[in-house]
Amino acid sequence: MILTLDVGNSTVTGGVFDKNTLALQFRQTTDKNSTSDEIGIFLRSVLRENGINAKEITDVGIASVVPPINYSLSSALMKYFEIEPLLIQSGIRTGLKIRYANPKEIGADRIAAAIGAVERHPEKNLVVVDMGTATTIDVVTRNKEYLGGAIMAGLKISVQALASGTSKLPTVEIVRAEKPCGQSTIEAIQSGIFYGNAGAIRELVRQYEKHIFHGEKPFVIATGGFARTFEDFRLFDEIVPELVLLGIKTALELNR
């Protein structure tokens with residue numbers, strides 16, 4: 001079995017693959033101050049409570065955008081699993097042709113999501129949208145060229161920024177706004193966050209279609225905790241919550 005860990009700024013998402021089947025998925029709040037023992041005990045207990053013997057784990061892959069936790073994570077896996085994990089980073093085999101000024105700058109989650117998207121749709125021009133703490137939009141051609149993309153503040157960050165940066169605006173729940181013209185302050189914020197993000201993503205996809213894919217519509221695949229908020233909005237062709245985990249698994253297979 002393969003253990004995959006997507007370490008984001010807010011949440012660590014874990015997945016266990018039994019061959020090509022995602023047998024287990026779990027989440028934990030990211031704590032960059034966690035010790036290796038805390039991490040190792042947590043991982044072993046999660047597996048045990050879900051009927052998986054830690055000895056069945058043969059490979060571990062990590063996509064982390066939180067560098068302070070990487071040492072503790074690696075140490076935990078060495079101590080509690082006797083496995084040296086593969087970290088998604090510049091220099092490993094990805095199956096992609098990276099067309100980026102400085103590949104070391106690319107977030108591991110962006111690369112993993114791109115790998116996962118290509119694994120699912122190897123013959124398509126792709127736009128990959130990951131809606132987490134930040135919203136990232138990345139472009140991958142059918143020739144497996146990773147061209148880069150765009151980064152925006154995520155929905156949660158946007159709500160927090162409005163609340164902390166103003167005197168009167170409240171923190172609101174992130175939901176699909178029922179109408180674009182809010183008739184209360186809460187509705188107005190929800191409308192701005194929802195339709196503003198939808199409009200930004202739609203416009204970026206339109207620009208990529210025009211300037212990169214020469215009028216050919218790309219396949220838009222989404223992942224991340226907030227992607228489902230837009231599920232019925234015809235913004236994406238496909239939503240795959242486990243996309244980053246799939247990309248980590250594929251990277252492990254490429255680097256064996």
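**Entry 1**

I looked up Val128 and found it opposite Ile221 in β10. The model is predicted: local features need pLDDT of at least 70, side-chain atom pairs count only at pLDDT 80 or more, and totals for chains, interfaces and linings use all residues. Residues are numbered from 1 along each chain as its sequence is written, and side-chain values use heavy atoms, with hydrogens and water left out.

Strand β7 (residues 126–131) and strand β10 (residues 219–223) pair in the parallel sense over five bridges. Pairing here requires at least two DSSP bridges between two strands. Strands (E, at least two residues) and helices (H or I, at least four) are DSSP runs, numbered from the N terminus.

I then traced the whole sheet. It is open, has six strands, and runs β6-β9-β8-β7-β10-β11 with mixed pairing. The edge strands are β6 (97–98) and β11 (238–239), each pairing on one side only. Helix α5 packs on this sheet and touches β7, β8 (134–140), β9 (145–153) and β10. The direction of α5 makes about 155 degrees with that of β9. Contact means heavy atoms within 4.5 Å. Axes are lines fitted to C-alpha atoms, for helices over the stretch in contact, and angles run from 0 to 180 degrees between N-to-C directions.

**Entry 2: Thr135**

Is Thr135 buried or exposed? I find 0% relative accessibility, so Thr135 counts as buried. The cut-offs are under 20% relative accessible area for buried, over 50% for exposed, and partly exposed in between (1.4 Å probe, protein chains only). Thr135 lies in strand β8. Leaving out residues up to four places away in sequence, I list among its contacts Val129, Asp130, Met152, Asn197 and Ile201.

**Entry 3: β1**

I checked strand β1 (residues 2–7) next. Six of its six residues are buried, so β1 is largely enclosed by the rest of the structure. In a regular strand the side chains alternate between the two faces of the sheet. On one side of β1 I find Ile2, Thr4 and Asp6, on the other Leu3, Leu5 and Val7, all buried.

β1 has two partners on my list. Six bridges join β1 to β2 (residues 11–18), and the two run antiparallel. They form a hairpin with three residues between them. β1 also pairs with β4 (residues 59–64), in the parallel sense, over six bridges. Leu3 stands opposite Val16 in β2, and its bridge partner in β4 is Val60.

**Entry 4: helix pairs**

At what angle do α3 and α6 cross? The axes of α3 (residues 108–120) and α6 (residues 243–254) cross at roughly 85 degrees and come within 7 Å. The two helices are therefore roughly perpendicular to each other (65 to 115 degrees). Among the residues in contact are Ala112, Ile115 and Arg120 of α3 and Leu243, Leu246 and Thr250 of α6. The contact residues divide into nine nonpolar, three polar and three charged.

Helix α4 (residues 155–165) packs with α5 (residues 185–211) at about 145 degrees, axes 11 Å apart. Leu155, Ser158, Val159 and Leu162 of α4 meet Ile189, Ile193 and Asn197 of α5. Nonpolar means Ala, Val, Leu, Ile, Met, Phe, Trp, Tyr, Cys and Pro; charged means Asp, Glu, Lys and Arg; the others, Gly among them, are polar.

**Entry 5: Pro68**

Pro68 is in helix α2 (residues 67–81). At 51% relative accessibility, Pro68 counts as exposed.

Note on methods: Parallel < 35°, antiparallel > 145°, perpendicular 65-115°, else oblique.
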